[in-house]
Amino acid sequence: MRPFKNWFAASLMLVFMASVVVLGASCSKTEKSTDETQATNQPAPADQTNPPMTNTAAPSDAEIAAIVVAANDADIANGRMAQTKSGNSDVKSFGRMMVTDHTSVNDKAKALATQLNLTPQESDASRQMKTTQDSLRSTLQGKSGTEFDKAYVNNEVELHQMVLNELDQNLIPNAQNAQLKQLLTDTRPAIAEHLQHARDLQQRLGGMANR
Amino acid sequence: MTGSRRGAAALRPAVLLAVASIAGVTAACSTTPRHAVHVVEMRGLQFQPQRVEVALGDTVVWVNHDIVPHTSTALDHAWASGLIASDSSWRAVVTQPGVHRYFCTLHTNMRAEIDAHASRG
């Protein structure tokens, strides 16, 4: 079992890569990657902190449910902010899709939890998800124009890559209930689509500059 | 092309005229033409099948098996479903000949087409 070990490692890598990007600011153009796994090497926002993950045990179904809800809630809130603050029609459209899709996934997850009499249980992972994304939105609140658009979209790339990795390496393999495992499996194509869409948007916005 | 969500009627005057015309023609015939129903599944953020050949008057039903909503929206504005929620469907009767390319406005990589002929075969 390796819950969040990769996530933690990826977080450390992201902080390291962010430093590299700051030092190498003259090379702001980033090649677009079509390999989902390569996106973990993209730098984290310089103003976003990733506190260490302390989970070492496999998440229970109740903890998985809480992580799913936390991730969806975060992306819904991010999407609403993008719809309000962005002046870019593509970014607004992406934000609208995030709200629509993640609301649908959340509704399904909550309905399944009710059906299974499963009370979502907070864990370090779900709490860290909330803390990190709440902090990011506070930072985004102070940005505007292109600076906001790039910071929002960059976070969406990282968030969806992280969620995709977690689905594949941790959540789906560790889910015990067959219906929960199926819900996670059904969610994967949407997350992969969101990631690709966010990458395309990131590319159109000019890559990783102006964190 | 006219659409309806789970059987709800949303017919426009032009379509009503078309339906009336078809009804008039069929009334004069000894056998009633059977209009086929074609199912397009929305699954894994894809339309399946990607291409459907239909005859005018046939019905196409889009069934969303995904966990997220989709739309079926023609590039030529022949139809627009609006949001089709997860585990829901939307249907439309094909009234215009030609190749109609359509996509999901939410997930724009989802694309497919319907080839509508004047008659079957």
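I began with the contacts between chain B and chain A and counted four residue pairs in polar contact, both residues at pLDDT 80 or more. A polar contact here is a pair of N or O atoms within 3.5 Å; within protein, one must be able to donate a hydrogen and the other to accept it, and residues adjacent in sequence count only if both atoms are side-chain atoms. By class, the side of chain B that touches chain A has six nonpolar, five polar and one charged residues.

The model is predicted: local features need pLDDT of at least 70, side-chain atom pairs pLDDT 80 or more, while totals for chains, interfaces and linings use all residues. Residues are numbered from 1 along each chain as its sequence is written, chains are lettered from A in the order in which they are written, and side-chain values use heavy atoms, without hydrogens and water.

Next I looked up salt bridges (a side-chain nitrogen of Lys or Arg within 4 Å of a carboxyl oxygen of Asp or Glu). I found one between chain B and chain A. It joins Asp87(B) to Lys108(A), at 2.3 Å from N to O.

For contact (heavy atoms within 4.5 Å), I noted twelve residues of chain B against 14 of chain A. The two chains bury about 1100 Å², 64% of it on carbon and sulfur atoms; this is accessible area (1.4 Å probe) lost on being put together, summed over both. In chain B, Leu45(B), Ile67(B) and Leu106(B) lose the most area to chain A, together 48% of what that side buries.

Last, I checked the start of α3(A): a side-chain oxygen of Asn88(A) comes within 2.7 Å of the backbone nitrogen of Asp90(A). Helices are DSSP runs (H or I, at least four residues), numbered from the N terminus.

Definitions and conventions
Helices (H or I, at least four residues) and strands (E, at least two) are DSSP runs, numbered from the N terminus. Ala, Val, Leu, Ile, Met, Phe, Trp, Tyr, Cys and Pro count as nonpolar, Asp, Glu, Lys and Arg as charged, and the others, Gly among them, as polar.
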